[in-house]
Amino acid sequence: MKTVFINGLGLIGSSLARAIKTADPTIKIIAADQDSTTLEFALKKQIIDRATNKLTAAQTADFIILATPVTIIIQTLKQLAKMKLKPGVIITDVGSTKTQVMTAAKSLSANTTFIGGHPMAGSHKSGVTAGRTDLFENAFYFLIAPAVDSCQINRLKELLRATKVKWLELSAVEHDYLVGQISHLPHIIAAALVNQTQRAFDHSALGMRMAAGGFKSITRIASSDPQMWTAILKTNRAVVAAQLTEYLQELTMIKQQLLAADQTAIYNFFAAAKTSRDQLGPEKVGRVPDFYDLFVNIPDQVGAIAQITKILAQAEINLVNLHILEIREEIDGILQLIFMSQMDQYQAKEILIGNNYQVIQRK
């Protein structure tokens, strides 16, 4: 019987546990987490087989998965280096940065194999209750494994086969630069825009309440866990600082063009961005998990929203969130429905139209 030890049962850790059990229910999963209620929930739902608050439980494991914030992963690797682990154990992590993690892993015993990992998947929800077996489906799962035998890498892939991810191997430096540009920098930009807008509306009675679809879409990731993002930026600060400098130069350029009323330059600024953005798509780069929206016109009466959710529930369509829109910025719908998958979005649209609802899908 294989034994897997998971340190951290948040969204990612609990989703991996579910996927492992889906692929092979005979695998024994031991998990540690700082929150006792998290462990109680995982045991009750049979996501794990045993709960513990001691890292020493990892000594019996065939696989060790570190699913805590990056700074904790680094500390844990140093602790594991001092333990007598099972010979041949594979240790992996799910941290959002890799250079410092790979450096810390060098202290591990020669009897162990470390494979750096990072699933590019997430949700606006967090914690063990938000975990799902299909959270990672069709998402990129980065592997950083210099000099690791392909047989060991295949063992890890086999363990996680139910995730149905797109595996991609690259170096730690390549990884940190890539995620710095497409993930870490956007989180800073979103948070800065929210903070600046909040200050701009400090003396306005309407203020943030008036924020419409465009603002909410571009700033959605600003709702992410501050503790997690503090740890991420701490371990990728040089890369992100350089990327932030380049971004500020881009803002300075458009500011100068605005002051000069340079219509051609301003047009080219937006045209270049549109061309690049329109080229993004799953058929070219593989899908990084996203959210898919529908907007529905409903009457302002008791039970209108309940009827919508009832229709979707009966069709077994997973609705992850909804918003009642007061400002509708070029969109007629008063109710915004948010789905995790494009298939759910498509099926919901067909069913709601079939029930005589006016549905708008924004591209």
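**Reading burial, strand pairing and salt bridges**

Guide: Arg132 is buried, with a relative accessible area of 18%. Buried means under 20% relative accessible area, exposed over 50%, and partly exposed in between (1.4 Å probe, protein chains only). This is a predicted model, in which local features need pLDDT of at least 70 and side-chain atom pairs count only at pLDDT 80 or more, while totals for chains, interfaces and linings use all residues. Residues are numbered from 1 along each chain as its sequence is written, and side-chain values use heavy atoms, with hydrogens and water left out.

Visitor: Which residue forms a salt bridge with Arg132?

Guide: A salt bridge is a side-chain nitrogen of Lys or Arg within 4 Å of a carboxyl oxygen of Asp or Glu. Here the partner of Arg132 is Asp134, and the closest N and O atoms are 2.8 Å apart. Asp134 is partly exposed, at 41% relative accessibility. By this rule there are six salt bridges.

Visitor: Which parts of the chain does the salt bridge between Lys86 and Asp62 tie together?

Guide: The closest N and O atoms of that pair are 2.9 Å apart. Lys86 lies in the loop between helix 3 (70-80) and strand 5 (90-93), and Asp62 in the loop between strand 3 and strand 4 (63-66), so the pair links parts that are 24 residues apart in sequence. Helices (H or I, at least four residues) and strands (E, at least two) are DSSP runs, numbered from the N terminus. Lys86 is partly exposed at 32% relative accessibility, whereas Asp62 is buried at 15%.

Visitor: How many bridges pair strand 1 with strand 2, and in which sense?

Guide: Two strands pair if DSSP finds at least two bridges between them. Strand 1 (residues 3-7) and strand 2 are joined by five bridges in the parallel sense, with Asn7 opposite Ala32 in strand 2. Strand 2 also runs parallel to strand 3 (residues 50-52), to which three bridges join it; there Ala32 stands opposite Thr52.

Visitor: What is the handedness of the crossover from strand 2 to strand 3?

Guide: A crossover is right-handed if, with the strands pointing away from the viewer, the path from the first strand over the helix to the second runs clockwise. The chain passes from strand 2 through helix 2 (residues 36-44) to strand 3 in a right-handed β-α-β crossover. Strand 1, helix 1 (residues 11-23) and strand 2 also make a right-handed β-α-β unit.

Visitor: Why is strand 2 described as largely enclosed?

Guide: Four of the five residues of strand 2 (residues 28-32) are buried, so the rest of the structure largely encloses this strand.
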